[in-house]
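Hi,

Here is the model I promised to pass on. Have a look at it first, and then read my notes below.

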Amino acid sequence: EGARRFEVVETDVQSMPEPPAQLMLNVAIPDQAYSLARLPNHGVGLARLEFIINTMIGIHPRALADVTSLPEEVRAEVLARTAAYPSPRDFFVHRIIEGVATIAAAFGPKPVIVRLSDFKSNEYAGLLGGDLFEPEEENPMLGWRGASRYTTPSFAECFAMECEALRYVRDEMGLTNLEVMVPFVRTVSEATQTIDAMAAHGLRRGVNGLEVMMMCEIPSNALLADLFLEHFDGFSIGSNDLTQLTLGVDRDSELVAASFDERDGAVLALLGMAIDACNRLGKYVGICGQGPSDHLDLARWLIDRGIQSMSLNADAIVPTWLELAAVTERV
Ligand code: PEP
Ligand code: MG
């Protein structure tokens, strides 16, 4: 009496009309992976290691790689926080494995592209022990980030720890739907050095089906696409950095935020170059920046231009999916 009756409606995402490109998800926190996997999706186009490091680790990797070098107080704190693990270094590796494997398992057998770390020095400095190891840079956004870290001796051990964890998820746990992506590669030489360093730590392109993607997010990447693509299975376009660097607009400055537009003709020209190069060479090309999540017209433009996949924010995937699928049906 008085009880309300609820009708349970099972949504059947499998019966949704297919959009004209793969629509993938950007996933941040591993804890959300299983619920996000219930949204319609073709896999994960971008999982940033920074989120796993921030939420599941919280300590600078160099502080974990070499505890003996730490001042007494920091060392005590690091040892206390990592006491449940065989060593502080293992704490880092195990936590990355846990976070990455959770996302890969939640979405498997669909592809899950995990990106190697791309913290800027000011962001690393915020981790426990970070102030001991990080330089103070005037422009961290243009500084020591992405591939330039992996190719610097003082970061080599930290990079080894990341690679070890990803290799374990693929080769030991069998989650071979995991693909790896390299961010912020300025030059072809940085690309080859990174590929060599990954191989030295057991992440070899093609071995056990491993695909390695490169973020296309610096104008140099689109301008010399053919040369970069010799070393990768494809591009995932980072429209956030690509727009920042093409228009010279600081992503972090409110003052110039109005000038930040991924649909500017100069950005579109570079997007077109990157897409064409990949399609011509038979390589993968997706986009994982904010652009198509924020602007449906850009999503449509990318499809017309030949993009193979778009990785969207969770709140954008259903509306974008329905809109794009409807457009194709009308054709
Ligand atoms: C991008 O630059 O578009 C991107 C996806 O990477 P991030 O936002 O992490 O720099
Ligand atoms: Mg970026």
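One definition before anything else: a crossing is left-handed if the near helix is turned anticlockwise from the far one by less than a right angle, and right-handed if clockwise. Please keep in mind that this is a predicted model, in which local features need pLDDT of at least 70 and side-chain atom pairs count only at pLDDT 80 or more, while totals for chains, interfaces and linings use all residues. Residues are numbered from 1 along each chain as its sequence is written, and chains are lettered from A and ligands numbered from 1 in the order in which they are written.

**Helix packing**

Two packed helices are described by the angle between their axes and the distance between the axes. Helices (H or I, at least four residues) and strands (E, at least two) are DSSP runs, numbered from the N terminus. Axes are lines fitted to C-alpha atoms, for helices over the stretch in contact, and angles run from 0 to 180 degrees between N-to-C directions.

Let's start with α2 (residues 49–56) and α5 (residues 88–107), whose axes are 10 Å apart at an angle of about 120°. The two helices α2 and α5 are therefore oblique to each other (under 35 degrees counts as roughly parallel, over 145 as roughly antiparallel, 65 to 115 as roughly perpendicular, and the rest as oblique). The crossing of α2 and α5 is right-handed. On the α2 side the contact uses L49, I52 and M56, and on the α5 side R95, I96, E98, G99 and V100; contact means C-beta atoms, placed from the backbone, within 7 Å. By class, that contact of α2 with α5 has 5 nonpolar, 1 polar and 2 charged residues. Here Ala, Val, Leu, Ile, Met, Phe, Trp, Tyr, Cys and Pro count as nonpolar, Asp, Glu, Lys and Arg as charged, and the others, Gly among them, as polar.

α5 also packs on α9 (residues 156–172), at about 45° and with the axes 9 Å apart. That makes α5 oblique to α9, and their crossing is right-handed. From α5 come R89, F92, V93, I96, I97, V100, A101 and A104, which meet M161, E162, E164, A165, L166, Y168 and V169 of α9. The contact of α5 with α9 holds 12 nonpolar, no polar and 3 charged residues.

R89 in α5 is partly exposed, with 19 C-beta neighbours inside 10 Å (buried is 20 or more other C-beta atoms within 10 Å, exposed is 12 or fewer, partly exposed is in between, with C-beta atoms placed from the backbone). Leaving aside neighbours within four places in sequence, R89 is in contact with L64, A65 and M161.

L242, T243, T246 and L247 of α13 make the contact with A266, V267 and L270 of α14. By class, the contact of α13 with α14 has 5 nonpolar, 2 polar and no charged residues.

**Around the ligand**

Which residues surround ligand 1? They are L46, R48, D118, E217, G238, S239, N240, D241, C288 and G289; a residue is near a molecule if its C-beta atom, placed from the backbone, lies within 6 Å of it. β2 (44–48) and α13 (239–247) are the elements that give two or more residues to this shell, and α13 gives the most, with 3 residues. The shell divides into 2 nonpolar, 4 polar and 4 charged residues.

**Loops worth a look**

Between α13 and α14 (265–281), the loop holds E262, which counts as buried with 24 C-beta neighbours inside 10 Å. Not counting residues up to four places away in sequence, E262 touches S239, T243, V267, G291, H295 and L298. E262 and G291 are 29 residues apart in sequence but 6.0 Å apart in space, C-alpha to C-alpha.

Most residues other than glycine have a negative phi, and most peptide bonds are trans. A cis peptide bond joins G108 and P109, with omega about 5°, and P109 sits in the loop between α5 and β3 (112–115).

Is F184 buried or exposed? F184 is buried, with 23 other C-beta atoms within 10 Å. F184 lies in the loop between β4 (178–182) and α10 (188–200), and has a positive phi of about 45° although it is not a glycine. N208, in the loop between α10 and β5 (212–216), has a positive phi near 60°. N208 is exposed, with 12 other C-beta atoms within 10 Å.

Cheers

Conventions. Contact = placed C-beta atoms within 7 Å.
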